[in-house]
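Please read it alongside the sequence and the structure shown here.

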Amino acid sequence: MVKQARAVRTRRAVLEAAAHVIGTRGYQAATMAEIIQRAGVTKGAVYFHFRSKDALARAVIREQTEPFVPQVSESRLQDAIDFTHQVALALRNDPLLQAGTRIAVETTFSEDPLVPYQAWTDIITTMFSDARDNGELLPAVAPERAAEFFVSAYMGVQLFSRAATNRADLPERVTTLWKHTLPGLASPGALSHLDPQGRSVKIAV
């Protein structure tokens with residue numbers, strides 16, 4: 001039990017160190033040596049959990065979605081709006097999330113190039129599919145394709161915001177993205193009840 005708890009702490013320390021180094025220097029410039037030094041653990045301990053920088057990057061990508069708990073309400077489109085604002089607020093100061101976005105932009109996984117985007121796309125696809133079943137989507141909208149489009153647009157918006165204001169204006173830019181996207185997604189009846197600025201959201205801790 002003690003060894004297991006120590007292993008969990010070590011793994012978390014490595015992930016947090018990787019998030020800091022990658023978030024600061026970028027994925028390509030970050031080295032395993034820097035991450036090991038930042039984590040304050042042995043090289044063997046790091047490679048026990050992650051056999052390569054590629055494996056570590058994949059773990060950061062998987063972990064970045066865990067703190068987020070999408071709401072489930074009568075309007076799944078509104079839930080999607082709220083979720084993206086939740087992420088926008090977290091992107092300002094969450095090292096793991098910031099590192100994940102840098103990995104997504106700077107890295108191509110040769111075996112599966114969509115790995116950095118898949119978790120987010122899956123979450124949005126689920127909400128769009130539920131919205132379709134609730135009659136909130138226009139008949140021609142395909143949830144999975146719409147989710148892929150939205151995630152790619154969102155990635156571009158957050159990159160622009162990072163360059164312009166270090167993401168200080170990201171919530172406002174996400175609101176603008178929804179204002180321009182919703183007319184092509186939502187049925188007329190649903191559109192009139194949606195708030196592109198998002199409702200109150202929370203992050204699990």
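The protein has a mean pLDDT (the predictor's confidence in each residue, from 0 to 100) of 87, and 90% of its residues reach 70 or more. This is a predicted model, in which local features need pLDDT of at least 70 and side-chain atom pairs count only at pLDDT 80 or more, whereas totals for chains, interfaces and linings use all residues. Residues are numbered from 1 along each chain as its sequence is written, and side-chain values use heavy atoms, with hydrogens and water left out.

**Confidence by element**
- Among the elements (helices being DSSP runs of H or I with at least four residues, strands runs of E with at least two, numbered from the N terminus), H6 has the lowest mean pLDDT, 80, and helix H9 (residues 170-181) the highest, 97.

**Cavity**
- There is one cavity of 30 Å³ or more, a cavity being a set of points on a 1 Å grid over the protein atoms alone where a 1.4 Å probe fits but cannot get out, with lining residues having an atom within 4 Å of a point.
- The largest cavity has a volume of about 200 Å³, taken as the space filled by probe spheres set on grid points joined across faces, edges and corners.
- Of its 17 lining residues, Val87, Trp120, Val151, Tyr154 and Met155 are the closest to the centre.
- H8 gives the most to this lining, with five residues.

**Helices H8 and H9**
- The axes of H8 and H9 (lines fitted to C-alpha atoms over the stretch in contact, with angles from 0 to 180 degrees between N-to-C directions) come within 10 Å and cross at roughly 145°.

Technical notes
1 Å grid on protein atoms, 1.4 Å probe; cavity = no way out; pocket = protein on both sides within 12 Å on 5 of 7 lines; lining within 4 Å.
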